[in-house]
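The structure is shown below.

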Amino acid sequence: MIIHTVCVHASEERLPAPEQLAWKLAEAALDPAPVEPAVAEMVGNRLIDDVAVAAAALDRRPVVAARTQARPHGAAPGAAVLGLPAGRVSPEWAAWANGTAVRELDFHDTFLGVEYAHPGDNIPALLAVAQHRRRSGADVVRAVAAAYEIQIDLARGISLHEHGIDHVAHLGPAAAAGLGALLDLPVEVVYQAVQQALHVTTATRQSRRGEISSWKAFAPAFAGKMAVEAVDRAMLGETSPSPIYEGDGGVIATLLGGRQAVYEVPLPARGEAKRAILDSWTKEYSAEYQAQALIDLARRLGPRIGDFERVREIVIHTSHHTHQVIGTGSGDPQKFDPGASRETLDHSAMYVLAVALQDGRWHHERSYTPERAGRPDTVALWRRIRTVEDPEWTRRYQATDPRDRAFGARVVVDLADGTRIEDELNVADAHPLGSRPFGRDQYVDKFRTLAEGVVEEEEQERFLDAVGRLSELSAGEVAGLLPEVTGAGSDGRGIF
């Protein structure tokens, strides 16, 4: 890896394009280094994962709305929309509809660095353009590996959330760079597309604060849609705000660390394999990633506690990130509100731990119903839980050694009679270093579970067989890759 130093430059310096981060992102994405077998295998895993969680979300209101918006935008050859078996739509609208479905349940992959990411959000846009432009399976694999590399490397080097910027600001440039790799575009074109994608997808983090709205599912789909449009515009010879990162009116100077800020972004050297996808992890449970280990801990602690009415207090000792984002450090009273949105509840460590302790399991729908959230004994337990930041957990969250990194917590339960019960877990059981790491079999099991009753068994088998041959698929096979789903429609009507 090469560490690239990124800082603000005055306009009169006229920083040459090849010295700008956007150019370096484009070069890294386009570098023709071979895709390693383990990376190709993981690309297939993440495609299975995306389609699984999208299938489970097809009837949820935001997904129906996105599909309804996409339906009038027919195109030939076009791209498939999961849940619209008849006809094809323009690829940017397919990216919008499928991207919303993938993100809705907060149930696919994650990367945690100085910034966080759900890099599986790149796949809907890449697949949509691959179908429309008739690219092969090998092209898709190369593009997904490139997009993951760019988003994860940006998340390793540039924090967005500490400045109140939403993490999808790294997704837009990554998707644009991945599309450049998919279409084998010139570096100058991808450079311009990366800059436009960043410019139009940088938004505030209010989408993940307070009463979290349905925009949390739409936000990455919007970034994918904008990336498609940015690449299309750049291919037509149009330019973009430049230098978008380093300019004295650019993103770093005005929205991130300011004119004195210096960032270090690692990117693969020329000819070096893109392996970043192997540093991301999927979710076994439909909840924010830091809650994964808490659910596994709850399954162990629940039987030891027994009668939850005996609980006086539960304290979750964890990292700064977990405490501030999904814990009491956020200062969001909605994280204790039984009437809060699903999007809010899945970002409440206190709610997730309370329900998982009582139920001993987690379900992507039943664990969030209003009846479940409002159960009086759950509310009573929930409000006796708090988080505290522990410097050691923060250090391990930020550790560079994968064997030392930890995204879990220590949970201390104090009972009314003075008894103390405690346990800790460094990483979720499904993490590569966990007790039950996910491999292809686990991804397939997750897909079958979530697709049951939604995707016919014959279509499930066809899709899984195709993913198993992803690197060998022809353009025609890629065009028909997504499983057809009957009975999923669209409701209502907006402008279109």
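Strand β9 (residues 409–415) and strand β10 (residues 420–425) pair in the antiparallel sense over 6 bridges; two strands count as paired if DSSP finds at least two bridges between them. Helices (H or I, at least four residues) and strands (E, at least two) are DSSP runs, numbered from the N terminus. This is a predicted model, in which local features need pLDDT of at least 70 and side-chain atom pairs count only at pLDDT 80 or more, while totals for chains, interfaces and linings use all residues. Residues are numbered from 1 along each chain as its sequence is written, and side-chain values use heavy atoms, with hydrogens and water left out.

Val 411 has Asp 423 as its bridge partner in β10. The hairpin of β9 and β10 has 4 residues between the strands, and Gly 418 there takes a positive phi near 95°. Strand β7 (residues 311–318) is also joined to β9, running antiparallel with 6 bridges; here Ile 316 has Val 411 as its bridge partner. Because 6 of its 7 residues are buried, β9 is largely enclosed by the rest of the structure. Buried means under 20% relative accessible area, exposed over 50%, and partly exposed in between (1.4 Å probe, protein chains only).

## The β2–β3 hairpin

Strand β2 (residues 74–81) and strand β3 (residues 84–89) run antiparallel and are joined by 3 bridges. Val 81 has Leu 84 in β3 as its bridge partner. With 2 residues between the strands, this hairpin includes Gly 83, whose phi is positive, near 100°.

## Helix α14

Helix α14 (residues 349–359) is largely enclosed by the rest of the structure, because 10 of its 11 residues are buried. Among them are Met 350, Tyr 351, Leu 353, Leu 357 and Gln 358. Gly 360 follows α14 and has a positive phi, near 70°.

## Salt bridges

The structure holds 35 salt bridges, each defined as a side-chain nitrogen of Lys or Arg within 4 Å of a carboxyl oxygen of Asp or Glu. Asp 346 forms one with Lys 216, the closest N and O atoms being 3.8 Å apart. This pair links distant parts of the chain, 130 residues apart: Asp 346 is in the loop between α13 (342–345) and α14, and Lys 216 is in helix α9 (residues 215–235). Both Asp 346 and Lys 216 are buried. They belong to a network of salt bridges that also links Arg 103, Asp 106, Lys 283 and Arg 342.

Asp 404 forms a salt bridge with Arg 395, with the closest N and O atoms 2.8 Å apart, and another with Arg 396, at 3.4 Å. Arg 395 is partly exposed at 38% relative accessible area, as is Asp 404 at 22%, whereas Arg 396 is buried at 15%.

Glu 452, Glu 456, Glu 457 and Glu 458 gather in a patch of negative charge on the surface. Patches are made of residues with over 30% relative accessible area and no salt bridge, like charges being joined within 9 Å and nonpolar side chains (Val, Leu, Ile, Met, Phe, Trp, Tyr) within 5 Å. Glu 458 is in helix α19 (residues 457–468) and is exposed, with a relative accessible area of 69%.

Arg 493 lies in the segment after α20 (475–479) and counts as exposed at 71% relative accessibility. Arg 493 and Thr 68 are 425 residues apart in sequence and 7.3 Å apart in space, C-alpha to C-alpha.

Conventions: Areas by Shrake-Rupley, 256 points an atom, 1.4 Å probe, with all protein chains shown as cover. Lys, Arg positive; Asp, Glu negative; His and termini not counted. Charge placed at Lys NZ, Arg CZ, Asp CG, Glu CD.
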